2 protein chains.
Amino acid sequence: MRNIKITLQYEGTRYQGWQRQDSTDNTLQGKLEALLGKMCGTRIEVQGAGRTDAGVHALAQIANFKLPDSEERKPEEILAYMNQYLPDDIAVIDATEVAERFHSRLNAKGKTYHYRILNSSVPHVFLRRYAFTVTTGLDVEAMREAAAFLCGTHDFSAFTSHRKSKNPNKKSNVRTIYSIDLEKIDNDILLKFHGNGFLYHMIRIITGTLIEAGMGKIKPADVGTILASGQREEAGMLVPAKGLTLVEVHYSEEGRIT
Amino acid sequence: MRNIKITLQYEGTRYQGWQRQDSTDNTLQGKLEALLGKMCGTRIEVQGAGRTDAGVHALAQIANFKLPDSEERKPEEILAYMNQYLPDDIAVIDATEVAERFHSRLNAKGKTYHYRILNSSVPHVFLRRYAFTVTTGLDVEAMREAAAFLCGTHDFSAFTSHRKSKNPNKKSNVRTIYSIDLEKIDNDILLKFHGNGFLYHMIRIITGTLIEAGMGKIKPADVGTILASGQREEAGMLVPAKGLTLVEVHYSEEGRIT
(Lines give C-alpha, C1' and ligand atoms only; values in the text may rest on other atoms or scores of the structure.)
Protein backbone atom coordinates (compact mmCIF):
# COMPACT_ATOMS: atom_id res chain seq x y z
CA MET A 1 0.00 0.00 0.00
CA ARG A 2 1.13 3.57 -0.67
CA ASN A 3 0.84 6.06 2.18
CA ILE A 4 0.07 9.68 1.29
CA LYS A 5 0.45 12.54 3.75
CA ILE A 6 -1.42 15.74 3.00
CA THR A 7 -1.47 19.20 4.57
CA LEU A 8 -4.92 20.74 4.63
CA GLN A 9 -6.32 24.21 5.04
CA TYR A 10 -9.98 24.79 5.77
CA GLU A 11 -12.43 27.35 6.97
CA GLY A 12 -14.55 25.34 9.41
CA THR A 13 -17.61 27.63 9.25
CA ARG A 14 -19.73 25.41 7.00
CA TYR A 15 -18.65 22.03 8.39
CA GLN A 16 -19.67 19.78 11.25
CA GLY A 17 -16.07 19.25 12.25
CA TRP A 18 -13.38 16.82 11.19
CA GLN A 19 -14.77 13.48 12.24
CA ARG A 20 -16.96 11.51 9.84
CA GLN A 21 -20.49 10.92 11.11
CA ASP A 22 -22.72 8.06 10.19
CA SER A 23 -25.68 10.01 8.98
CA THR A 24 -24.08 12.87 7.14
CA ASP A 25 -21.12 13.66 4.97
CA ASN A 26 -20.88 17.31 5.96
CA THR A 27 -17.63 16.68 7.79
CA LEU A 28 -14.11 17.24 6.55
CA GLN A 29 -13.14 13.59 6.88
CA GLY A 30 -16.33 12.59 5.08
CA LYS A 31 -15.78 15.06 2.22
CA LEU A 32 -12.19 13.96 1.71
CA GLU A 33 -13.01 10.24 1.86
CA ALA A 34 -15.84 10.66 -0.65
CA LEU A 35 -13.53 12.51 -3.04
CA LEU A 36 -10.65 10.03 -2.73
CA GLY A 37 -13.08 7.13 -3.06
CA LYS A 38 -14.20 8.62 -6.36
CA MET A 39 -10.61 9.11 -7.48
CA CYS A 40 -9.60 5.52 -6.69
CA GLY A 41 -12.84 3.64 -7.23
CA THR A 42 -12.49 2.05 -3.80
CA ARG A 43 -13.15 3.09 -0.21
CA ILE A 44 -10.30 5.20 1.25
CA GLU A 45 -9.99 6.02 4.95
CA VAL A 46 -8.45 9.37 5.83
CA GLN A 47 -6.77 9.82 9.23
CA GLY A 48 -6.47 13.38 10.54
CA ALA A 49 -3.96 14.51 13.17
CA GLY A 50 -6.51 16.67 14.98
CA ARG A 51 -10.24 16.02 15.24
CA THR A 52 -11.25 19.65 14.96
CA ASP A 53 -14.76 20.49 16.16
CA ALA A 54 -17.56 22.00 14.12
CA GLY A 55 -16.66 25.55 13.13
CA VAL A 56 -12.95 25.23 13.95
CA HIS A 57 -10.51 26.24 11.19
CA ALA A 58 -7.19 24.79 10.09
CA LEU A 59 -4.16 26.49 8.56
CA ALA A 60 -2.19 23.23 8.36
CA GLN A 61 -4.05 20.12 9.46
CA ILE A 62 -2.12 16.93 8.67
CA ALA A 63 -3.86 13.81 7.37
CA ASN A 64 -2.78 10.58 5.72
CA PHE A 65 -4.41 7.82 3.73
CA LYS A 66 -3.44 4.51 2.13
CA LEU A 67 -3.80 3.96 -1.60
CA PRO A 68 -3.68 0.66 -3.46
CA ASP A 69 -0.36 0.15 -5.31
CA SER A 70 -2.39 0.12 -8.52
CA GLU A 71 -3.10 3.83 -8.00
CA GLU A 72 -0.29 5.44 -9.95
CA ARG A 73 -0.96 9.16 -9.48
CA LYS A 74 2.02 11.06 -8.11
CA PRO A 75 1.49 13.13 -4.93
CA GLU A 76 1.40 16.39 -6.92
CA GLU A 77 -1.27 14.88 -9.20
CA ILE A 78 -3.31 13.83 -6.17
CA LEU A 79 -2.99 17.38 -4.81
CA ALA A 80 -4.14 18.86 -8.14
CA TYR A 81 -7.03 16.37 -8.42
CA MET A 82 -8.24 17.11 -4.91
CA ASN A 83 -8.03 20.89 -5.28
CA GLN A 84 -9.94 20.68 -8.55
CA TYR A 85 -12.94 19.08 -6.86
CA LEU A 86 -12.82 20.42 -3.30
CA PRO A 87 -14.99 23.45 -2.45
CA ASP A 88 -13.02 26.70 -2.09
CA ASP A 89 -13.11 26.59 1.71
CA ILE A 90 -10.96 23.44 1.74
CA ALA A 91 -7.52 23.22 0.11
CA VAL A 92 -4.71 20.67 -0.04
CA ILE A 93 -1.54 22.74 0.25
CA ASP A 94 0.95 19.88 0.27
CA ALA A 95 1.03 16.16 -0.57
CA THR A 96 3.95 13.74 -0.16
CA GLU A 97 4.42 9.99 -0.16
CA VAL A 98 5.59 8.75 3.24
CA ALA A 99 6.68 5.48 4.85
CA GLU A 100 3.87 3.00 5.38
CA ARG A 101 4.15 3.20 9.18
CA PHE A 102 3.46 6.97 9.31
CA HIS A 103 0.15 7.80 11.04
CA SER A 104 -0.82 11.48 11.17
CA ARG A 105 -2.47 11.26 14.59
CA LEU A 106 -0.54 8.54 16.40
CA ASN A 107 2.84 9.96 15.39
CA ALA A 108 1.98 13.58 16.27
CA LYS A 109 4.08 14.82 19.18
CA GLY A 110 2.24 18.07 19.67
CA LYS A 111 -0.04 20.70 18.19
CA THR A 112 -0.24 24.45 17.98
CA TYR A 113 -3.66 26.08 18.06
CA HIS A 114 -4.45 29.79 17.97
CA TYR A 115 -7.50 31.37 19.54
CA ARG A 116 -8.29 34.89 18.32
CA ILE A 117 -10.20 37.47 20.34
CA LEU A 118 -11.37 40.81 18.98
CA ASN A 119 -11.43 43.08 22.02
CA SER A 120 -13.58 45.86 20.67
CA SER A 121 -17.02 47.39 20.93
CA VAL A 122 -17.18 47.80 17.16
CA PRO A 123 -17.33 44.88 14.72
CA HIS A 124 -14.46 43.91 12.41
CA VAL A 125 -15.66 42.77 9.00
CA PHE A 126 -12.52 40.82 8.06
CA LEU A 127 -12.25 38.98 11.38
CA ARG A 128 -15.93 38.15 11.75
CA ARG A 129 -15.47 34.48 10.83
CA TYR A 130 -12.16 34.02 12.68
CA ALA A 131 -12.38 35.85 15.99
CA PHE A 132 -14.63 35.94 19.05
CA THR A 133 -15.61 39.49 19.99
CA VAL A 134 -15.30 40.60 23.62
CA THR A 135 -16.54 44.16 24.12
CA THR A 136 -15.35 44.58 27.74
CA GLY A 137 -11.75 45.76 27.98
CA LEU A 138 -9.40 42.88 28.79
CA ASP A 139 -6.36 43.12 31.06
CA VAL A 140 -3.85 41.22 28.98
CA GLU A 141 -1.28 41.03 31.79
CA ALA A 142 -3.81 39.33 34.07
CA MET A 143 -4.56 36.85 31.27
CA ARG A 144 -0.85 36.10 30.88
CA GLU A 145 -0.47 35.54 34.64
CA ALA A 146 -3.49 33.27 34.67
CA ALA A 147 -2.24 31.30 31.66
CA ALA A 148 1.06 30.56 33.45
CA PHE A 149 -0.83 28.39 35.97
CA LEU A 150 -1.87 26.04 33.16
CA CYS A 151 1.51 25.42 31.57
CA GLY A 152 3.14 22.10 32.37
CA THR A 153 1.68 18.64 32.88
CA HIS A 154 -1.69 18.57 34.65
CA ASP A 155 -4.99 16.74 34.81
CA PHE A 156 -7.17 19.11 32.77
CA SER A 157 -10.53 17.62 33.81
CA ALA A 158 -11.76 21.08 34.86
CA PHE A 159 -11.17 22.33 31.32
CA THR A 160 -12.95 19.75 29.19
CA SER A 161 -16.54 18.93 28.32
CA HIS A 162 -15.53 15.27 28.24
CA ARG A 163 -16.22 13.55 31.59
CA LYS A 164 -13.37 11.53 33.03
CA SER A 165 -14.11 7.86 32.56
CA LYS A 166 -14.16 5.58 35.59
CA ASN A 167 -12.82 2.86 33.37
CA PRO A 168 -9.08 2.70 34.22
CA ASN A 169 -8.32 1.48 30.70
CA LYS A 170 -9.60 4.74 29.24
CA LYS A 171 -7.15 7.49 28.58
CA SER A 172 -6.57 10.01 31.35
CA ASN A 173 -7.22 13.73 31.21
CA VAL A 174 -3.55 14.45 31.81
CA ARG A 175 -1.95 16.60 29.14
CA THR A 176 1.12 18.82 28.83
CA ILE A 177 0.88 22.43 27.74
CA TYR A 178 4.33 23.62 26.68
CA SER A 179 3.35 27.25 26.32
CA ILE A 180 0.49 29.71 26.08
CA ASP A 181 1.67 32.90 24.41
CA LEU A 182 -0.54 35.93 24.28
CA GLU A 183 0.05 38.50 21.53
CA LYS A 184 -1.89 41.74 21.34
CA ILE A 185 -1.87 44.07 18.34
CA ASP A 186 -4.37 46.89 18.82
CA ASN A 187 -7.69 45.19 19.54
CA ASP A 188 -6.62 41.87 18.13
CA ILE A 189 -5.58 39.34 20.81
CA LEU A 190 -4.05 36.04 19.75
CA LEU A 191 -3.65 33.18 22.24
CA LYS A 192 -1.11 30.65 20.99
CA PHE A 193 -1.38 27.21 22.58
CA HIS A 194 1.35 24.62 22.17
CA GLY A 195 0.82 21.27 23.86
CA ASN A 196 1.24 17.54 23.38
CA GLY A 197 -2.49 17.17 22.89
CA PHE A 198 -5.73 18.83 23.89
CA LEU A 199 -8.94 17.37 25.37
CA TYR A 200 -12.40 17.93 23.92
CA HIS A 201 -13.18 21.69 24.21
CA MET A 202 -10.03 22.22 26.30
CA ILE A 203 -8.65 25.29 24.50
CA ARG A 204 -12.06 26.93 24.27
CA ILE A 205 -12.78 26.47 28.00
CA ILE A 206 -9.28 27.64 28.95
CA THR A 207 -9.77 30.71 26.76
CA GLY A 208 -13.17 31.41 28.35
CA THR A 209 -11.50 31.21 31.77
CA LEU A 210 -8.61 33.47 30.75
CA ILE A 211 -11.15 35.99 29.47
CA GLU A 212 -12.77 36.02 32.94
CA ALA A 213 -9.32 36.72 34.40
CA GLY A 214 -8.88 39.50 31.83
CA MET A 215 -12.22 41.00 32.87
CA GLY A 216 -11.26 40.86 36.56
CA LYS A 217 -14.10 38.44 37.39
CA ILE A 218 -11.52 36.02 38.79
CA LYS A 219 -7.94 36.49 39.95
CA PRO A 220 -5.10 34.93 37.94
CA ALA A 221 -4.28 32.62 40.85
CA ASP A 222 -7.88 31.32 40.83
CA VAL A 223 -7.02 29.51 37.60
CA GLY A 224 -4.64 27.31 39.61
CA THR A 225 -7.44 26.54 42.08
CA ILE A 226 -9.85 25.69 39.25
CA LEU A 227 -7.26 23.39 37.69
CA ALA A 228 -6.73 21.60 41.03
CA SER A 229 -10.49 21.22 41.57
CA GLY A 230 -10.92 19.11 38.47
CA GLN A 231 -14.49 20.47 38.26
CA ARG A 232 -15.78 21.76 34.92
CA GLU A 233 -18.32 23.96 36.76
CA GLU A 234 -15.48 25.97 38.31
CA ALA A 235 -13.99 26.97 34.96
CA GLY A 236 -15.18 29.67 32.58
CA MET A 237 -17.46 29.55 29.58
CA LEU A 238 -16.90 27.61 26.39
CA VAL A 239 -16.05 30.29 23.82
CA PRO A 240 -17.23 29.95 20.19
CA ALA A 241 -15.49 27.60 17.76
CA LYS A 242 -14.95 30.27 15.10
CA GLY A 243 -12.03 31.84 17.03
CA LEU A 244 -10.04 28.59 17.00
CA THR A 245 -7.54 27.52 14.32
CA LEU A 246 -5.29 24.46 14.17
CA VAL A 247 -2.03 26.06 13.06
CA GLU A 248 0.57 23.30 13.16
CA VAL A 249 0.98 19.61 13.95
CA HIS A 250 4.41 18.74 15.30
CA TYR A 251 6.22 15.45 14.61
CA SER A 252 9.52 14.15 15.85
CA GLU A 253 12.14 13.71 13.15
CA GLU A 254 11.07 10.11 12.77
CA GLY A 255 7.45 11.18 12.27
CA ARG A 256 8.44 13.40 9.38
CA ILE A 257 9.69 10.45 7.32
CA THR A 258 9.09 11.07 3.67
CA MET B 1 -27.63 70.69 9.50
CA ARG B 2 -25.41 68.29 11.42
CA ASN B 3 -22.53 66.69 9.49
CA ILE B 4 -21.53 63.14 10.48
CA LYS B 5 -18.30 61.51 9.32
CA ILE B 6 -18.12 57.73 9.46
CA THR B 7 -15.34 55.21 8.89
CA LEU B 8 -16.54 52.08 7.13
CA GLN B 9 -15.23 48.58 6.67
CA TYR B 10 -16.68 46.27 4.08
CA GLU B 11 -16.05 43.08 2.20
CA GLY B 12 -17.01 44.02 -1.35
CA THR B 13 -17.67 40.48 -2.57
CA ARG B 14 -21.49 40.69 -2.48
CA TYR B 15 -21.86 44.30 -3.61
CA GLN B 16 -22.03 46.14 -6.91
CA GLY B 17 -19.57 48.72 -5.67
CA TRP B 18 -19.92 51.96 -3.75
CA GLN B 19 -21.96 54.13 -6.07
CA ARG B 20 -25.75 54.06 -5.87
CA GLN B 21 -27.44 52.86 -9.04
CA ASP B 22 -30.89 53.78 -10.19
CA SER B 23 -32.29 50.34 -10.63
CA THR B 24 -30.85 48.51 -7.66
CA ASP B 25 -29.92 49.06 -4.07
CA ASN B 26 -27.21 46.42 -3.95
CA THR B 27 -24.53 49.07 -3.60
CA LEU B 28 -22.84 50.29 -0.46
CA GLN B 29 -24.06 53.85 -0.87
CA GLY B 30 -27.57 52.56 -1.53
CA LYS B 31 -27.57 50.28 1.54
CA LEU B 32 -26.30 53.06 3.82
CA GLU B 33 -28.74 55.65 2.48
CA ALA B 34 -31.66 53.27 2.89
CA LEU B 35 -30.69 52.55 6.49
CA LEU B 36 -30.14 56.20 7.43
CA GLY B 37 -33.37 57.15 5.69
CA LYS B 38 -35.17 54.67 7.92
CA MET B 39 -33.39 56.02 11.00
CA CYS B 40 -34.28 59.64 10.28
CA GLY B 41 -37.57 59.30 8.43
CA THR B 42 -36.21 61.45 5.62
CA ARG B 43 -33.95 60.98 2.60
CA ILE B 44 -30.23 61.11 3.56
CA GLU B 45 -27.44 61.37 1.00
CA VAL B 46 -24.16 59.65 1.86
CA GLN B 47 -20.92 60.90 0.26
CA GLY B 48 -18.03 58.42 0.11
CA ALA B 49 -14.37 59.38 -0.28
CA GLY B 50 -13.66 56.60 -2.76
CA ARG B 51 -16.11 55.14 -5.27
CA THR B 52 -14.89 51.57 -4.92
CA ASP B 53 -15.83 49.23 -7.75
CA ALA B 54 -17.90 46.05 -7.48
CA GLY B 55 -15.98 43.46 -5.46
CA VAL B 56 -13.45 45.91 -4.01
CA HIS B 57 -13.04 45.87 -0.21
CA ALA B 58 -12.48 48.65 2.31
CA LEU B 59 -10.65 48.62 5.61
CA ALA B 60 -11.35 52.30 6.28
CA GLN B 61 -13.53 54.04 3.73
CA ILE B 62 -14.58 57.52 4.83
CA ALA B 63 -18.07 58.86 4.22
CA ASN B 64 -20.17 61.73 5.51
CA PHE B 65 -23.82 62.70 5.56
CA LYS B 66 -25.96 65.58 6.74
CA LEU B 67 -28.66 65.10 9.34
CA PRO B 68 -31.48 67.48 10.23
CA ASP B 69 -30.86 69.33 13.52
CA SER B 70 -33.97 67.60 14.84
CA GLU B 71 -32.07 64.28 14.75
CA GLU B 72 -30.64 64.14 18.27
CA ARG B 73 -28.73 60.83 18.24
CA LYS B 74 -25.10 61.20 19.27
CA PRO B 75 -22.43 59.86 16.87
CA GLU B 76 -21.88 56.75 19.03
CA GLU B 77 -25.63 56.09 18.98
CA ILE B 78 -25.67 56.43 15.19
CA LEU B 79 -22.74 53.98 15.00
CA ALA B 80 -24.56 51.49 17.24
CA TYR B 81 -27.82 51.88 15.29
CA MET B 82 -26.10 51.32 11.96
CA ASN B 83 -24.11 48.28 13.12
CA GLN B 84 -27.28 46.76 14.54
CA TYR B 85 -28.97 46.77 11.14
CA LEU B 86 -26.09 46.44 8.68
CA PRO B 87 -25.22 42.97 7.34
CA ASP B 88 -22.06 41.48 8.85
CA ASP B 89 -19.94 42.27 5.79
CA ILE B 90 -20.37 46.02 6.39
CA ALA B 91 -19.39 47.75 9.65
CA VAL B 92 -19.18 51.32 10.90
CA ILE B 93 -15.98 51.43 12.95
CA ASP B 94 -16.04 55.12 13.83
CA ALA B 95 -18.51 58.02 13.78
CA THR B 96 -17.84 61.65 14.69
CA GLU B 97 -19.59 64.97 14.22
CA VAL B 98 -17.59 67.30 11.99
CA ALA B 99 -17.77 70.88 10.71
CA GLU B 100 -20.51 71.45 8.16
CA ARG B 101 -18.02 72.21 5.37
CA PHE B 102 -16.28 68.80 5.60
CA HIS B 103 -16.82 66.66 2.48
CA SER B 104 -15.31 63.16 2.55
CA ARG B 105 -14.42 63.12 -1.15
CA LEU B 106 -13.68 66.76 -2.01
CA ASN B 107 -11.47 67.24 1.07
CA ALA B 108 -9.50 64.01 0.57
CA LYS B 109 -5.85 64.73 -0.24
CA GLY B 110 -4.91 61.17 -1.06
CA LYS B 111 -5.71 57.49 -0.68
CA THR B 112 -3.89 54.29 0.10
CA TYR B 113 -5.01 51.12 -1.65
CA HIS B 114 -3.52 47.65 -1.32
CA TYR B 115 -3.55 45.01 -4.02
CA ARG B 116 -2.83 41.47 -2.83
CA ILE B 117 -1.38 38.73 -5.00
CA LEU B 118 -1.06 35.10 -3.94
CA ASN B 119 1.92 33.83 -5.93
CA SER B 120 1.37 30.12 -5.56
CA SER B 121 0.28 27.04 -7.45
CA VAL B 122 -1.79 25.87 -4.48
CA PRO B 123 -4.89 27.69 -3.26
CA HIS B 124 -5.04 29.59 0.05
CA VAL B 125 -8.38 29.18 1.80
CA PHE B 126 -8.12 32.30 3.98
CA LEU B 127 -7.02 34.61 1.17
CA ARG B 128 -9.45 33.34 -1.45
CA ARG B 129 -11.71 36.38 -1.17
CA TYR B 130 -8.91 38.94 -0.80
CA ALA B 131 -6.12 37.98 -3.18
CA PHE B 132 -5.64 37.29 -6.88
CA THR B 133 -3.74 34.06 -7.48
CA VAL B 134 -0.82 34.04 -9.94
CA THR B 135 0.67 30.57 -10.33
CA THR B 136 3.72 31.60 -12.41
CA GLY B 137 6.66 32.66 -10.24
CA LEU B 138 6.98 36.45 -10.09
CA ASP B 139 10.26 38.38 -10.07
CA VAL B 140 9.51 40.88 -7.35
CA GLU B 141 12.58 43.00 -8.06
CA ALA B 142 11.49 43.46 -11.69
CA MET B 143 8.05 44.49 -10.43
CA ARG B 144 9.63 47.06 -8.09
CA GLU B 145 11.75 48.47 -10.94
CA ALA B 146 8.70 48.68 -13.19
CA ALA B 147 6.64 50.37 -10.48
CA ALA B 148 9.24 53.11 -10.11
CA PHE B 149 8.40 54.35 -13.63
CA LEU B 150 4.87 55.13 -12.48
CA CYS B 151 5.63 57.17 -9.39
CA GLY B 152 5.26 60.90 -9.73
CA THR B 153 2.80 63.05 -11.66
CA HIS B 154 1.76 61.63 -15.02
CA ASP B 155 -1.11 61.33 -17.44
CA PHE B 156 -2.33 57.81 -16.67
CA SER B 157 -4.55 57.40 -19.76
CA ALA B 158 -2.78 54.11 -20.59
CA PHE B 159 -3.82 52.73 -17.22
CA THR B 160 -7.54 53.42 -17.10
CA SER B 161 -10.65 51.96 -18.67
CA HIS B 162 -12.05 55.46 -18.74
CA ARG B 163 -11.46 57.16 -22.11
CA LYS B 164 -10.04 60.65 -21.97
CA SER B 165 -12.76 63.13 -22.76
CA LYS B 166 -12.30 65.57 -25.61
CA ASN B 167 -14.29 68.06 -23.62
CA PRO B 168 -11.67 70.42 -22.13
CA ASN B 169 -13.94 71.09 -19.16
CA LYS B 170 -13.72 67.45 -18.12
CA LYS B 171 -11.09 66.42 -15.63
CA SER B 172 -7.77 65.25 -16.99
CA ASN B 173 -6.21 61.83 -16.52
CA VAL B 174 -3.26 63.38 -14.70
CA ARG B 175 -2.70 61.97 -11.23
CA THR B 176 0.18 61.78 -8.78
CA ILE B 177 1.37 58.48 -7.33
CA TYR B 178 3.48 59.21 -4.24
CA SER B 179 4.66 55.64 -3.81
CA ILE B 180 4.13 52.02 -4.82
CA ASP B 181 5.61 49.74 -2.17
CA LEU B 182 5.87 46.04 -2.76
CA GLU B 183 6.01 43.73 0.25
CA LYS B 184 6.51 40.00 -0.08
CA ILE B 185 6.04 37.52 2.76
CA ASP B 186 6.37 33.95 1.50
CA ASN B 187 3.87 33.66 -1.37
CA ASP B 188 1.89 36.68 -0.29
CA ILE B 189 2.69 39.82 -2.29
CA LEU B 190 1.19 43.13 -1.23
CA LEU B 191 1.31 46.17 -3.52
CA LYS B 192 0.73 49.37 -1.57
CA PHE B 193 -0.38 52.35 -3.65
CA HIS B 194 -0.40 55.87 -2.25
CA GLY B 195 -1.59 58.60 -4.54
CA ASN B 196 -3.62 61.79 -4.65
CA GLY B 197 -6.36 59.97 -6.53
CA PHE B 198 -6.81 57.05 -8.88
CA LEU B 199 -8.66 56.78 -12.20
CA TYR B 200 -11.28 54.14 -13.00
CA HIS B 201 -9.55 50.69 -12.93
CA MET B 202 -6.13 52.43 -12.64
CA ILE B 203 -4.69 50.33 -9.80
CA ARG B 204 -5.95 47.07 -11.27
CA ILE B 205 -4.47 47.79 -14.73
CA ILE B 206 -1.16 48.96 -13.20
CA THR B 207 -1.07 45.74 -11.15
CA GLY B 208 -1.78 43.64 -14.24
CA THR B 209 1.09 45.40 -16.00
CA LEU B 210 3.47 44.94 -13.06
CA ILE B 211 2.58 41.23 -13.04
CA GLU B 212 3.64 41.03 -16.70
CA ALA B 213 6.96 42.63 -15.70
CA GLY B 214 7.24 40.09 -12.87
CA MET B 215 6.66 37.26 -15.34
CA GLY B 216 9.32 38.65 -17.70
CA LYS B 217 6.77 39.22 -20.48
CA ILE B 218 7.81 42.87 -20.58
CA LYS B 219 10.89 44.69 -19.29
CA PRO B 220 10.58 47.09 -16.35
CA ALA B 221 11.50 50.02 -18.65
CA ASP B 222 8.62 49.10 -20.98
CA VAL B 223 6.28 50.40 -18.31
CA GLY B 224 7.66 53.88 -18.93
CA THR B 225 6.99 53.48 -22.65
CA ILE B 226 3.44 52.29 -22.00
CA LEU B 227 2.84 55.27 -19.71
CA ALA B 228 4.12 57.67 -22.40
CA SER B 229 1.97 56.03 -25.10
CA GLY B 230 -1.27 56.88 -23.33
CA GLN B 231 -2.77 53.81 -25.00
CA ARG B 232 -4.78 51.38 -22.88
CA GLU B 233 -4.04 48.58 -25.36
CA GLU B 234 -0.33 48.79 -24.52
CA ALA B 235 -0.84 48.12 -20.80
CA GLY B 236 -1.47 44.80 -19.08
CA MET B 237 -4.67 43.05 -18.10
CA LEU B 238 -7.26 44.30 -15.64
CA VAL B 239 -6.77 42.08 -12.58
CA PRO B 240 -9.81 40.98 -10.49
CA ALA B 241 -11.45 43.35 -8.03
CA LYS B 242 -11.23 40.96 -5.08
CA GLY B 243 -7.49 41.65 -4.58
CA LEU B 244 -8.08 45.37 -4.03
CA THR B 245 -8.74 47.08 -0.70
CA LEU B 246 -9.15 50.77 0.13
CA VAL B 247 -6.95 51.02 3.22
CA GLU B 248 -6.87 54.70 4.13
CA VAL B 249 -8.15 58.08 3.03
CA HIS B 250 -5.78 60.93 3.79
CA TYR B 251 -6.90 64.46 4.74
CA SER B 252 -4.92 67.57 5.44
CA GLU B 253 -5.18 68.82 8.99
CA GLU B 254 -8.03 71.10 7.97
CA GLY B 255 -9.87 68.18 6.45
CA ARG B 256 -9.74 66.33 9.72
CA ILE B 257 -11.81 69.00 11.50
CA THR B 258 -13.96 67.43 14.16
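Reply: Begin at the rotation axis. In this predicted model, the residue of chain A that comes closest to the axis is Phe126(A), with its C-alpha at 5.2 Å.

Me: What rotation and what shift superpose chain A on chain B?

Reply: The general idea is that two copies of a chain are related by a rotation about an axis and a shift along it. Here chain A is superposed on chain B by a rotation of 180° with 0.0 Å of shift along the axis, and the RMSD is 0.0 Å. That is the relation of a two-fold axis.

Me: How many residues does each chain give to the contact?

Reply: Chain A gives 16 residues and chain B gives 16 residues. On the side of chain A that touches chain B, the elements giving two or more residues are β1 (2–10), α2 (75–85) and β4 (90–98). β4(A) gives the most, with 3 residues. By type, this side of chain A has 9 nonpolar, 3 polar and 4 charged residues.

Me: Why do the copies meet through the same surface?

Reply: Compare the two sets of interface residues. Of those in chain A, 100% are also interface residues in chain B, so the copies meet through the same surface.

Me: What helices and strands does chain A have, and what does its C-alpha trace span?

Reply: Chain A has 5 helices and 10 strands. Its radius of gyration is 19 Å, close to the 18 Å from the globule rule for 258 residues, so chain A is as compact as a globular protein of that length. The C-alpha trace spans about 60 × 45 × 35 Å along its principal axes, and 37% of the 258 residues of chain A count as buried.

Definitions and conventions
Residues are numbered from 1 along each chain as its sequence is written. Chains are lettered from A and ligands numbered from 1 in the order in which they are written. This is a predicted model: local features need pLDDT of at least 70, side-chain atom pairs count only at pLDDT 80 or more; totals for chains, interfaces and linings use all residues. Copies are superposed by least squares on the C-alpha atoms of residues with pLDDT of at least 70 in both. Two residues are in contact if their C-beta atoms, placed from the backbone, lie within 7 Å. Helices (H or I, at least four residues) and strands (E, at least two) are DSSP runs, numbered from the N terminus. Ala, Val, Leu, Ile, Met, Phe, Trp, Tyr, Cys and Pro count as nonpolar, Asp, Glu, Lys and Arg as charged, and the others, Gly among them, as polar. The radius of gyration is taken over C-alpha atoms; the globule rule is 2.2 Å times the number of residues to the power 0.38. A residue is buried if 20 or more other C-beta atoms lie within 10 Å of its own, exposed if 12 or fewer, and partly exposed in between; C-beta atoms are placed from the backbone.
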